[in-house]
Amino acid sequence: MCVYVCVSSLRCSGPKLKSCMLSSVPVLSWLPRYSLRDNAIGDLISGISVGIMHLPQGMAYALLAAVPPVFGLYSSFYPILIYFIFGSSKHISVGTYAVMSVMIGGVTERLAPDTNFMMYDNATNQSMVNVLARDTERVKVAAAVTFLSGLFQMLLGLVKFGFVVTYLSEPLVRGYTTGAAIHVIVSQLKYTFGISPKRHSGPFALIFTVIEVCYLVPETNIGTLVVSLVSIIGLVMVKELNTYLGKKLPVPIPVELLGIIIATVVSWQVNLEGKYGVEVVGEIPSGLQPPVMPTASLFGQVIGDAFALSVVGYGIAISLGRIFALKYGYKVDSNQELIALGLSNTIGGVFQCFAISCSMSRTMVQESTGGKTQVASALSAMVILVIMLWIGALFEELPKAVLAAIIYVNLQGMMKQFMDIPTLWKSNKVDMLVWVATLILTVLFNPDIGLAASIAFSMLTVIFRTQLPKYSLLGQVPETDIYRPVENYNQVNEIPGVVIFHSSATLYFANAEMYQDALAEKSGIDITKLISQKKKAEAKRLRKEKKEARKAKKDAKKNAQDWEGEPDSSENEVEKGVATVEEGSKPDSTLPRAIILELSPVNFLDTVGVKTLRNIQRDYGDIGVEVVLCGCQTGVIENLESGGFFSEKVSKACLFSSIHDAVLHCQTDRAKMNKDDEEMQATHF
């Protein structure tokens with residue numbers, strides 16, 4: 001990475017190399033200056049609190065990813081340590097995340113479905129799933145897609161592609177996470193009711209799954225349902241208590257940890273699995289897994305899913321990172337965040353983790369309990385390490401229904417995002433449309449396809465908004481150089497004889513024709529009709545001149561004896577006719593003297609936009625209306641030059657930096673023309 005950052009210079013000096021190292025490995029810049037006195041206590045409490053949250057969330061989100069729960073613990077350990085070294089945010093808590101997990105689950109269940117691992121049981125004479133072989137294959141798939149998504153994130157970071165997140169607007173992200181949360185809820189219904197619906201893939205898979213779950217509801221395991229309901233009610237009550245006593249408690253009550261401890265003890269004592277058929281977590285191996293390179297043969301089958309994961313994971317992390325960076329007055333490097341997340345996922349994939357991102361709930365706890373640096377995250381990883389080495393096996397009797405309940409309760413925040421709809425309806429209906437469309441596309445299609453379709457829809461709304469901008473005429477605020485739309489402000493006055501035309505969007509091929517039509521409508525000038533009339537008058541004048549010339553020539557031949565006097569008479573007749581046409585071709589007094597095109601919103605001009613302005617300049621000039629431009633940005637002027645807008649007839653004298661300068665120019669020209677008219681009339685009389 002350092003080599004990449006420094007390639008812009010052929011010589012890499014010592015200070016430059018040091019700066020390169022510090023920017024590429026942020027921990028080297030802040031850890032030596034870490035203040036034990038100011039930060040240690042807060043980071044310690046925060047790290048323990050978040051580490052306790054990692055345990056239930058890691059195991060629960062592993063179910064979403066369709067891998068054994070212990071792999072959720074691995075994903076809460078290795079990636080956190082990597083982010084601690086390379087991340088630039090001080091406050092976010094990376095690790096397992098519901099949306100990412102359900103996307104991983106879609107991939108693992110698609111490539112390693114139960115039907116591929118059916119085996120015949122001679123004892124029961126029935127077919128059953130070889131769970132061990134299935135889970136082994138699903139872990140390989142999850143590791144492969146995670147590894148590949150990390151490579152994508154690193155590549156995007158190295159080419160400085162951090163701005164890609166700008167295409168994920170806030171309404172899109174919130175609508176997408178809400179839709180993904182619905183996928184999460186539906187995927188956990190089988191653990192809530194103790195049923196085994198078939199897995200559906202492709203478009204409308206969620207709808208088919210819901211229909212099948214409804215069909216299987218009569219087969220519900222009552223014991224599993226009771227465990228689910230009791231767990232949900234208990235978790236919600238204690239979370240509400242946390243909210244109510246939030247300011248009085250030094251740290252939140254670890255409701256999820258208490259929930260899994262109580263559930264495990266009850267399950268062990270009552271033997272829920274044996275007596276009531278409640279499915280439990282099962283074997284949780286102690287210790288750490290050795291590194292294993294992902295199966296490269298799977299890459300081709302998961303490349304699309306990996307890219308979607310890389311974009312979604314980065315978008316969520318950078319959004320939260322910027323919120324806390326703004327709150328505490330520091331900067332988050334978007335490209336460095338891509339590299340940090342990429343390394344976390346790439347190395348995590350080697351250690352059989354599944355893709356991670358940033359969790360809002362853990363981040364809020366990390367910040368509220370006093371966490372000030374990523375030392376808190378490193379300490380939370382140490383908590384997970386202790387659990388994996390010595391404590392994990394104690395949770396083998398934990399019912400999966402309790403983990404599903406933890407997932408439901410943690411999705412409360414996402415479900416509350418439905419309240420965005422009335423808020424956006426009042427503030428911006430297009431953003432509301434993006435939110436709703438993203439939700440529908442994500443629900444109907446899988447999260448990966450839904451994301452691509454949502455981004456495409458969001459881009460279309462931008463195009464439509466530029467195609468349908470607001471056009472207005474500007475007027476002057478009395479005794480100022482301020483100009484505002486006349487339809488929106490009662491106190492502004494239009495400049496006599498001058499039309500100031502404003503568009504709210506840039507000018508390019510998609511709206512060029514509408515720009516001309518709007519100008520004609522707002523100015524009240526039917527340019528096509530006037531040009532047509534002018535051409536007809538010109539043709540009539542030419543025909544009249546030819547007719548008079550032929551008549552004069554004929555008369556000259558008949559009166560050869562008067563040759564000396566006739567030419568003068570004929571010439572006078574022709575001149576008289578020409579004078580009459582010139583007098584009639586003077587500009588119509590009902591037309592404005594000038595049109596000012598206010599182009600400050602225009603940030604670029606394509607060839608069609610330049611051609612449109614050139615046509616406007618020519619056509620309105622032909623009927624005696626001067627056209628000038630104002631507020632042009634430097635890039636727009638360059639586009640005008642390269643597009644051939646300027647010529648011998650059109651110089652840069654038609655460009656003005658402000659509306660007021662253009663108005664003064666037009667008023668000066670008008671006064672001069674009025675003076676010339678008065679002199680001509682005086683000469684005539």
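Author: Leu155, Val159, Phe161, Phe163 and Tyr167 make up a nonpolar surface patch with about 460 Å² of accessible area together. Such a patch takes residues with over 30% relative accessible area and no salt bridge, nonpolar side chains (Val, Leu, Ile, Met, Phe, Trp, Tyr) being joined within 5 Å and like charges within 9 Å. A salt bridge is a Lys or Arg side-chain nitrogen within 4 Å of an Asp or Glu carboxyl oxygen; areas follow Shrake-Rupley with a 1.4 Å probe, and for residues only the protein chains shown count as cover. The model is predicted, local features needing pLDDT of at least 70 and side-chain atom pairs 80 or more, while totals for chains, interfaces and linings use all residues. Residues are numbered from 1 along each chain as its sequence is written, and side-chain values use heavy atoms, without hydrogens and water.

Reader: Where does Tyr167 lie?

Author: Tyr167 is in the loop between α8 (131–158) and α9 (170–187); helices are DSSP runs of H or I, at least four residues, and strands runs of E, at least two, numbered from the N terminus.

Reader: Is Glu109 buried or exposed?

Author: Buried means under 20% relative accessible area, exposed over 50%, and partly exposed in between (1.4 Å probe, protein chains only). Glu109 counts as buried because its relative accessibility is 17%, whereas Tyr167, at 39%, is partly exposed.

Reader: Which residues does Glu109 touch?

Author: Contact means heavy atoms within 4.5 Å. Leaving aside residues up to four places away in sequence, Glu109, in helix α7 (residues 98–111), touches Ala66, Arg138, Lys190 and Arg199.
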